[in-house]
Amino acid sequence: MSAPPAGGTPIRTAVVGLGWAARSIWLPRLRRNPAFTVIAAVDPDERGRAAVAETEGALPVLAAVHDLDPAEVDLAVVAVPNHLHCDVATELLAKGIPVFLEKPVCLTSEEAERLAAAERSGGAVLLAGSAARYRADVRGLYRIAARLGRIRHVELAWVRARGVPDRGGWFTQRSLAGGGALVDLGWHLFDIAVPLLGTAAFRHAIGTVSSDFITQRSSRAAWRGDDGGPVLSGGTDVEDTARGFLITDDGRSVVLHASWASHEALDTTRVTIDGSAGSATLHCTFGFSPNRLEKSTLTRTVDGTTRPVAVPTEPIGTEYDRQLDMVPAQLRDPAGRGRVIEEVRRTIGAIERVYTSARIPQEVRESVSAPV
């Protein structure tokens, strides 16, 4: 394993997977940040390699991660399709290359354990995309939460007016994506709940899923450039909407609502925290969609009085820059290994249980819920 770079030495970074996230989010930011130097790009798809080679000039573009030399790479930023996250990350970790892995970190609890084993055997640290935690408005919400007493209940919703990604591609095929809106948007929502709930595990989970919008042309994520193809009558087997109700092992409750498309006019994220000493609500829009709320609003309610709390306005995507700024310290932190895996186990476990609940036949669910 290559040692973490010294304070003034740029982190030699390989970008693995050259799709929309790599080209639109990570490569531009890594190029701008003096703490990093991009030394290679990797993608088995010839079209992806050609696109990056055309824009990145002399950057070496490789076809496979086994071509990366651990002695020359300090970090791999992995943004491959979901079903490849575990395989690619475990190969890199086992070679001793630290990995920054885009969400969802894994698709099953079994994959989480494979990642944990690779992190241990290779001696490298696994980091994960958690950009929403680095938003200024979410940080403001966390500061208020610290003054709300004992947190009793959290409501998390990310509802797009329209924004089904890559319909007909890997995003909307369960075998490749692991699920739909719950795996995609829901992972972000669970992620911002971590600082609120701490290490509490979910004891109970029930949920439902639906797919009323996924085949409609108007529901595509136009801002991703995904809206140019034909309308598909098949090729999708994931949900566009998921709702869940969860209870932690210490008695707190969480409501979750993730939708790629809806009847709403704007893409909206809403987080509400109820505590023993008050409540707080954040209205904003996560992600890159231009169909968003004009600004974030944050309020605190105590004893029947609701007051606004100022939050700064920042450019879309600033949270990704802010998270990237934290990576050098995370790579040097000797206590960092295993930290992400602990969070991942709880998140993927909750997602699996919501899906399991949603797949119970309706007549069975009704009989189970009937009063006795």
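## Around Leu92

Leaving aside neighbours within four places in sequence, Leu92 touches Val16, Val65, Leu68, Ala76, Val78, Ile97 and Val99 (contact means heavy atoms within 4.5 Å). Leu92 sits in helix α3; helices here are DSSP runs of H or I with at least four residues, strands are runs of E with at least two, and both are numbered from the N terminus. With 0% relative accessibility, Leu92 counts as buried (buried is under 20% relative accessible area, exposed is over 50%, and partly exposed is in between, using a 1.4 Å probe and protein chains only).

A quick word on the source: this is a predicted model, where local features need pLDDT of at least 70, side-chain atom pairs count only at pLDDT 80 or more, and totals for chains, interfaces and linings use all residues. Residues are numbered from 1 along each chain as its sequence is written, and side-chain values use heavy atoms, with hydrogens and water left out.

## The sheet and its helices

Now for the strands. Six of them form an open sheet in the order β3-β2-β1-β4-β5-β6, with parallel pairing (two strands pair if DSSP finds at least two bridges between them). β3 (61-62) and β6 (126-128) are at the edges with a single partner strand each, so one side of each has no neighbour in the sheet. Strand β5 (residues 99-101) is joined to β6 by three bridges, and Val99 has Leu126 as its bridge partner in β6.

Helix α3 (residues 85-94) packs on this sheet, touching β1 (11-16), β4 (75-78), β5 and β6, and its direction makes about 165 degrees with that of β5. Axes are lines fitted to C-alpha atoms, for helices over the stretch in contact, and angles run from 0 to 180 degrees between N-to-C directions. Helix α8 (residues 318-332) lies across β1, β2 (36-42), β4, β5 and β6, running at about 165 degrees to β6.

Most residues other than glycine have a negative phi, and most peptide bonds are trans. Lys103 and Pro104, though, are joined by a cis peptide bond, with omega about -10 degrees. Pro104 belongs to the loop between β5 and α4 (109-122).

Asp166 has a positive phi, near 50 degrees. You'll find Asp166 in the loop between β7 (151-159) and α6 (174-177), and at 23% relative accessibility it counts as partly exposed. Asp303 also has a positive phi near 50 degrees. Asp303 lies in the loop between β13 (297-302) and β14 (305-309) and is exposed, with a relative accessible area of 77%.
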